[in-house]
Amino acid sequence: MRLYTNRLYMEDIHHICDLNLAWKQLENKSMMISGATGLIGSFLIDVILEKNLTDGLNCTIYALGRSEKKARERFAKFADDLHFVFIPYDVKFPLECKGLGKVDFILHLAANTHPMLYSTDPIGTIATNIIGLKNLLDFAVKHQVERFVFASSNEIYGENRGDVELFDEDYCGYINSNTLRAGYPESKRCGEALCQAYKSQLGLDEIVVRFTRSYGPTMLMDDTKAISQFIRKGIVGEDIVLKSDGNQFYSYTYVSDAVSGLLVALINGKNGEAYNIADCKSDITLKDLAMIVANIHSKKVVLELPDEVEAAGYSKATKARLDGRKLRSIGWIPQYDIQTGIERTIQILKSV
């Protein structure tokens with residue numbers, strides 16, 4: 001995997017490794033991670049395995065995924081590392097792992113996060129967020145894990161009611177549940193409620209992290225989120241395509257800041273709490289985001305109306321900015337603003 005030879009990417013990895021966290025809590029432990037080859041999961045795995053090499057963390061990764069070939073290619077640097085164990089698994093089925101060592105932490109990061117999948121595979125989207133979550137929660141209870149982390153989303157807040165500028169963790173906006181597009185945010189909401197049920201009824205230690213629209217060099221080129229498409233178009237030398245008026249005002253997070261926030265919540269977070277991973281320096285309108293990418297590549301922003309299938313997968317929220325103060329209060333310090341994060345992403349991806 002050529003990311004491992006990229007100076008900027010490895011700088012990001014080592015920056016997380018060098019954070020002043022209570023790493024002792026992860027020492028000689030194990031993490032089970034679903035969505036292991038995704039944007040967040042793959043970066044997190046690189047951090048933990050690199051921390052093993054540089055500081056003797058001795059933390060074992062149990063990587064869950066549907067394609068062993070894809071995982072072996074993605075984590076080529078650690079192909080012979082005994083701390084990396086790939087487990088072929090589809091989260092929509094119960095998890096049975098005979099002969100597996102102790103599992104200390106489970107991080108459920110797998111999800112259909114692509115707008116096109118919301119409209120073309122709504123059943124799979126909901127199943128991953130609810131059935132897949134329940135399967136891992138059952139495994140967590142059975143194996144008495146120390147902590148369970150559910151990766152939720154800014155989408156659970158719905159549409160801004162016009163009464164606040166930033167969404168704190170207790171805010172609840174409007175979602176029309178009787179629509180195809182509601183499958184993703186409503187299943188994430190249900191997933192959070194399911195975590196609370198397992199905490200209350202079965203005594204599971206759990207936290208929820210709510211990611212904003214995340215991006216970075218670990219993004220997949222077939223990702224259909226707007227920011228991913230902007231970056232992909234720029235890298236291949238095409239004009240940036242905007243498929244709306246671009247006035248949507250959202251929070252974004254560079255992947256290394258998303259992962260540092262995840263680790264802070266995992267280590268310092270309070271049982272049963274939810275944490276926004278968001279920083280105001282990365283809040284931007286969609287049209288301004290498109291202009292940043294276009295200007296980097298000396299290209300234009302062009303308007304192109306989406307087709308019916310694309311439109312069905314798009315968020316209806318027009319203003320969704322998250323308040324990250326709660327996570328900051330337990331030690332999170334984001335590193336990149338939106339301009340720097342986009343520039344860094346493009347630099348890395350162009351080189352690899």
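**Close-up views of a predicted model**

**View 1. The crossing of helices α9 and α12 is right-handed.** In this predicted model, the contact is formed on the α9 side by Leu289, Ile292, Val293, Ile296 and His297, and on the α12 side by Ile338, Gln339, Ile342, Glu343, Ile346 and Lys350. By residue class, the contact comprises 7 nonpolar, 2 polar and 2 charged residues. Helix α9 spans residues 286–297 and helix α12 spans residues 338–351; their axes lie 11 Å apart and form an angle of about 45 degrees. Angles under 35 degrees count as roughly parallel and those of 65 to 115 as roughly perpendicular; the two helices are therefore oblique to each other.

**View 2. The largest nonpolar core of the model contains 83 residues.** The members that touch the most other members are Leu26, Met31, Ile48, Leu262, Leu263 and Ile342. Helix α8 (residues 255–268) supplies the largest share of this core, with 9 residues. A second, separate core consists of 25 residues, among them Val91, Val103, Ala110 and Leu136. In soluble globular proteins, nonpolar side chains tend to be buried together.

**View 3. Surroundings of Leu26, a member of the largest nonpolar core.** When residues up to four places away in sequence are not counted, Leu26 touches Met31, Ile48, Leu57, Cys59, Phe105, Leu263, Leu266 and Ile267. Of these neighbours, Met31, Ile48 and Leu263 are also listed among the core residues that touch the most other members.

**View 4. Glu192 is a buried residue of the model.** Glu192 lies in helix α6, which covers residues 183–202. Its relative accessibility is 12%, and the limit for a buried residue is under 20%; Glu192 therefore counts as buried. Leaving aside residues up to four places away in sequence, the contacts of Glu192 are Phe150, Ser152, Ile156, Val208 and Arg210.

**View 5. Asn58 has a positive phi although it is not a glycine.** The phi value of Asn58 is about 60 degrees. Asn58 belongs to the loop between α2 (39–55) and β2 (60–65). With a relative accessible area of 34%, Asn58 is partly exposed.

**View 6. Gln144, a residue other than glycine, has a positive phi.** Phi of Gln144 is near 50 degrees. The loop that holds Gln144 runs between α5 (122–142) and β5 (147–153). Because its relative accessibility is 65%, Gln144 counts as exposed.

Note on methods
Residues are numbered from 1 along each chain as its sequence is written. This is a predicted model: local features need pLDDT of at least 70, side-chain atom pairs count only at pLDDT 80 or more; totals for chains, interfaces and linings use all residues. Side-chain values use heavy atoms; hydrogens and water are left out. Axes are lines fitted to C-alpha atoms, for helices over the stretch in contact, and angles run from 0 to 180 degrees between N-to-C directions. Helices (H or I, at least four residues) and strands (E, at least two) are DSSP runs, numbered from the N terminus. Angles under 35 degrees count as roughly parallel, over 145 as roughly antiparallel, 65 to 115 as roughly perpendicular and the rest as oblique. A crossing is left-handed if the near helix is turned anticlockwise from the far one by less than a right angle, and right-handed if clockwise. Contact means heavy atoms within 4.5 Å. Ala, Val, Leu, Ile, Met, Phe, Trp, Tyr, Cys and Pro count as nonpolar, Asp, Glu, Lys and Arg as charged, and the others, Gly among them, as polar. Buried means under 20% relative accessible area, exposed over 50%, partly exposed in between (1.4 Å probe, protein chains only). A nonpolar core is a set of buried Ala, Val, Leu, Ile, Met, Phe, Trp, Tyr and Cys residues joined through side-chain atoms within 4.5 Å.
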